[in-house]
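Welcome, and please have your viewer ready. We will go from one selection to the next and look at what is there.

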Amino acid sequence: MGKVKIKNVQAGLFVPADYFSRLRKADIFPNEDKPLEVDLGCGDGAFLVAMAREFPERNFLGVERLLGRVRKVARDITRAGLTNAKVLRLESKYTIEWLLEKNSISRLHLLCPDPWPKARHHERRLVQQDFLHSLWDSLAPESEFLFKTDHDEYFDWVRYEVEQFGKFSMIPWQDGDFFYPKTDFQLLWESQGKRLQSLRCKKGTSHMG
Ligand SMILES: C[S@@+](CC[C@H](N)C(=O)[O-])C[C@H]1O[C@@H](n2cnc3c(N)ncnc32)[C@H](O)[C@@H]1O
């Protein structure tokens, strides 16, 4: 029984052979050259799995640090028979800064991340200038960084940081513009009457002016 559980998890789980060398896309999804989308802090993985079902022509990597969530996501990927989705148990910033190949990500999703609302915890917020530099390097040309939060002050923080960074073009983004399933936390926040704000940032040839 224990063996079966481990086996069921393994197909959806990605464990790097080496955590100190930069990965190529083919190290994660061998023999495939599909666009790679990354869901940072993928939580229970409902968004990741729904996206992978909808877009078999793309590959999806979820990144999550909590073991219980990683196990659930890996199990759901395996049960769904998806070969274009995997989950990696690792810290988000490290993954972007040190692990993933540069110019490799076609879309980076950061959905309902921890807002760290107390001022003394703001330094823990993921979106800061050093993260944006690493993110820019890891994104492929014509790629996108997509962000959603229910936390108005964190939204303003992220928009300000992106504007200060100065290289992304902001694109208007409204619900229904394209297939984009709601995440578990989005459903939770909306059930409590909260409203999410969204940011769609493009790494294109033109910069914000
Ligand atoms: C508020 S939840 C949002 C989950 C999911 N994106 C959603 O919208 O349903 C934030 C998730 O990010 C994970 N997380 C927070 N900080 C992280 C980090 N530094 N590296 C990896 N995962 C992180 C948490 O464990 C949690 O599952």
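In which loop does C112 lie? Select C112, and you will find it in the loop between β4 and α6 (129-138); helices (H or I, at least four residues) and strands (E, at least two) are DSSP runs, numbered from the N terminus. This is a predicted model, where local features need pLDDT of at least 70, side-chain atom pairs count only at pLDDT 80 or more, and totals for chains, interfaces and linings use all residues. Residues are numbered from 1 along each chain as its sequence is written, and side-chain values use heavy atoms, with hydrogens and water left out.

Stay on C112 and check its backbone: phi is near 50°, a positive value in a residue other than glycine. C112 counts as buried because its relative accessibility is 12% (buried is under 20% relative accessible area, exposed over 50%, partly exposed in between, with a 1.4 Å probe and protein chains only).

Next, select E142 in strand β5 (residues 139-149). Here too phi is positive in a non-glycine residue, near 65°. With a relative accessible area of 44%, E142 is partly exposed.

Now show G41, R65, S92, P113 and D114: among the 37 residues lining the largest pocket, these lie nearest its centre (a pocket is an open set of points on a 1 Å grid over the protein atoms alone, where a 1.4 Å probe fits, with protein on both sides within 12 Å along at least five of seven lines; lining residues have an atom within 4 Å of a point). Finally, colour α8 (184-191), which gives three residues, the largest share of the lining.
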